[in-house]
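Here is a short briefing to read alongside the model. Please keep the viewer open as you go through the points.

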Amino acid sequence: MHATGSFDITLTPQTAAPAIADAKLGRMTIEKQFHGDLEAASLGEMLSVRTEVQGSAGYVALERVTGTLHGRKGSFVLQHSGTMSRGAASLVLSVVPDSGSEELIGLSGAMSIQIDQGKHSYTMDYLLP
C-alpha cells in the first residue's frame, strides 16, 4: 500500500539533563498533524547533535502516530534515524514492529519525508495483514 499527504510540524527545544549538556546533545519534542491518506496527530522525542564540521549532524527520534491510515483507525510508532555528512542527508523512518494498535495491528513499513520551500510532505509504503 502507498500513502501520501502533507504534515505540519512543531519542534520544541527541551532543556538537556545536566550530565548530558557537556555532550552537546539537543533534545526536542515533536508534534505533527498529518493530512491526506494519513489523517493523524503525533507526539515524539528527538535527540540530535551537530558536529564542528559544517553540514554534519545526526538525530534519532521516536513518535507515536494516532489517527486513521486509509480509513483504518489506530496508532503506531515511527523510529527515525537521520544523518548529514557535510550536507549529504540520509533519513530512515520505519514503523516499529508490533507497535500498531486497533485496525493497524500488524502494520509494517517505512515513511519518507520531503521538504519543498518550507512545506512538509510524506510518502509511506506499508503492509497490513
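Helices (H or I, at least four residues) and strands (E, at least two) are DSSP runs, numbered from the N terminus. Thr-29, for instance, has its place in strand 2. This is a predicted model, where local features need pLDDT of at least 70 and side-chain atom pairs count only at pLDDT 80 or more, while totals for chains, interfaces and linings use all residues. Residues are numbered from 1 along each chain as its sequence is written, and side-chain values use heavy atoms, with hydrogens and water left out.

**The barrel**

- Eight strands close into a barrel in the order 1-2-3-4-5-6-7-8, with antiparallel pairing; two strands pair if DSSP finds at least two bridges between them.
- From one strand to the next, the twist averages 25°, where axes are lines fitted to C-alpha atoms, for helices over the stretch in contact, and angles run from 0 to 180 degrees between N-to-C directions.
- As background, strands of a sheet pair through backbone hydrogen bonds, either parallel or antiparallel.
- Strand 1 (residues 2-14) and strand 8 run antiparallel and are joined by six bridges; here Phe-7 stands opposite His-120 of strand 8.
- Strand 4 and strand 5 are also antiparallel, with 13 bridges between them, and Leu-69 faces Arg-72 in strand 5.
- Eight bridges hold strand 5 and strand 6 in an antiparallel pair, in which His-80 has Leu-93 of strand 6 as its bridge partner.

**Turns and positive phi**

- Most residues other than glycine have a negative phi, and most peptide bonds are trans. The next residues are worth a look for their phi values.
- The hairpin of strand 4 and strand 5 has two residues between the strands, and His-70 takes a positive phi near 45° there.
- In the hairpin of strand 5 and strand 6, again with two residues between the strands, Arg-86 has a positive phi near 55°.
- Lys-24 lies in the loop between helix 1 (18-21) and strand 2 (25-36), and its phi is positive, near 60°. Lys-24 is exposed at 60% relative accessibility, on a scale where buried means under 20% relative accessible area, exposed over 50%, and partly exposed in between (1.4 Å probe, protein chains only).
- Gln-117 sits in the loop between strand 7 (108-116) and strand 8 (119-127). Gln-117 has a positive phi of about 55° and counts as exposed, with 79% relative accessibility.

**The nonpolar core**

- A nonpolar core is a set of buried Ala, Val, Leu, Ile, Met, Phe, Trp, Tyr and Cys residues joined through side-chain atoms within 4.5 Å.
- The largest one has 17 residues, and those touching the most other members are Phe-34, Leu-38, Leu-69, Phe-76, Met-111 and Met-124.
- Two or more residues each come from strand 1, strand 3 (38-50), strand 4 (57-69), strand 5 (72-85), strand 6 and strand 8. Strand 8 gives the largest share, three residues.
- Beyond its neighbours within four places in sequence, Leu-69 is in contact with Ala-3, Asp-37, Leu-38, Leu-104, Leu-107, Met-124 and Tyr-126; contact means heavy atoms within 4.5 Å.

- Val-95, in strand 6 (residues 88-95), is buried because its relative accessible area is 7%.
- Outside the four places in sequence on either side, the contacts of Val-95 include Phe-76, Leu-107 and Met-124. Val-95 and Met-124 are 29 residues apart in sequence, with 9.9 Å from C-alpha to C-alpha.
- Thr-29 is buried too, with a relative accessible area of 19%. Leaving aside neighbours within four places in sequence, Thr-29 is in contact with Thr-10, Leu-11, Thr-12, Gln-14, Gly-44 and Glu-45.

**Salt bridges**

- A salt bridge is a side-chain nitrogen of Lys or Arg within 4 Å of a carboxyl oxygen of Asp or Glu, and the count here is two.
- One joins the side chains of Glu-45 and Arg-27 (3.3 Å, N to O). This pair links distant parts of the chain, with Glu-45 in strand 3 and Arg-27 in strand 2, 18 residues apart.
- Glu-45 is partly exposed at 38% relative accessible area, and Arg-27 is partly exposed at 30%.
- Lys-32 and Glu-63 also meet through their side chains in a salt bridge (2.9 Å, N to O). Lys-32 in strand 2 and Glu-63 in strand 4 are 31 residues apart, so this pair, too, links distant parts of the chain.
- Are these two partners buried or exposed? Lys-32 is buried, with a relative accessible area of 5%, and Glu-63 is buried at 0% relative accessibility.
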